[in-house]
Amino acid sequence: SGVIGDARNVDVYRIELSAGDKLRIESIAARVGSLLDPTLTLYDAQGRTVSSNDDHAGSRDSRIEATIQKPGSYFVTVQDANDAGGPHFAYLLRIAR
């Protein structure tokens, strides 16, 4: 869980993945009354975008599904789509393989 506490804040999570991992990353914010409009982005170790999502299935919440091609470190970022933040911009991040 986390909070985008200030405007233009970005939370970053590092995960280690193997080739062939089927990954699902999901933000839960709007569904629980948070003001956050989360944007998720998955980056590889070289900083290249693997996948990104702003809104999923008619919700402000986001979800990424990806199959990993190369093993290594990856980074997931969570930020507000409008670069807003504050104490009411909380979220839960689910990462599943």
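1. In this predicted model, strand S7 gives the most to the lining of the largest pocket, contributing three residues. The space in that pocket comes to about 190 Å³, and among the 13 residues that line the largest pocket, those closest to its centre are Asp-44, Arg-48, Val-50, Lys-70 and Tyr-74.

2. Is Thr-77 buried or exposed? With a relative accessible area of 6%, Thr-77 is buried, because the cut-off for that term is under 20%. Once its neighbours within four places in sequence are left aside, Thr-77 is in contact with Val-10, Asp-11 and Val-12, as well as with Thr-39, Leu-40, Thr-41 and Tyr-43.

3. An open sheet is formed by four strands, which follow the order S1-S8-S3-S6 with antiparallel pairing. Strand S1 (2-3) and strand S6 (63-67) stand at the edges and have a single partner strand each, so one side of each is left without a neighbour in the sheet.

4. Within that sheet, strand S3 (residues 22-28) pairs with strand S8 (residues 90-96) in the antiparallel sense, over five bridges. Which residue in S8 is the bridge partner of Ile-25? The partner of Ile-25 in S8 is Ile-95.

Note on methods:
Residues are numbered from 1 along each chain as its sequence is written. This is a predicted model: local features need pLDDT of at least 70, side-chain atom pairs count only at pLDDT 80 or more; totals for chains, interfaces and linings use all residues. Side-chain values use heavy atoms; hydrogens and water are left out. Buried means under 20% relative accessible area, exposed over 50%, partly exposed in between (1.4 Å probe, protein chains only). Contact means heavy atoms within 4.5 Å. On a 1 Å grid over the protein atoms alone, a cavity is a set of points where a 1.4 Å probe fits but cannot get out, and a pocket is an open set with protein on both sides within 12 Å along at least five of seven lines; lining residues have an atom within 4 Å of a point. Grid points are joined across faces, edges and corners, and a volume is the space filled by probe spheres set on the points. Helices (H or I, at least four residues) and strands (E, at least two) are DSSP runs, numbered from the N terminus. Two strands pair if DSSP finds at least two bridges between them.
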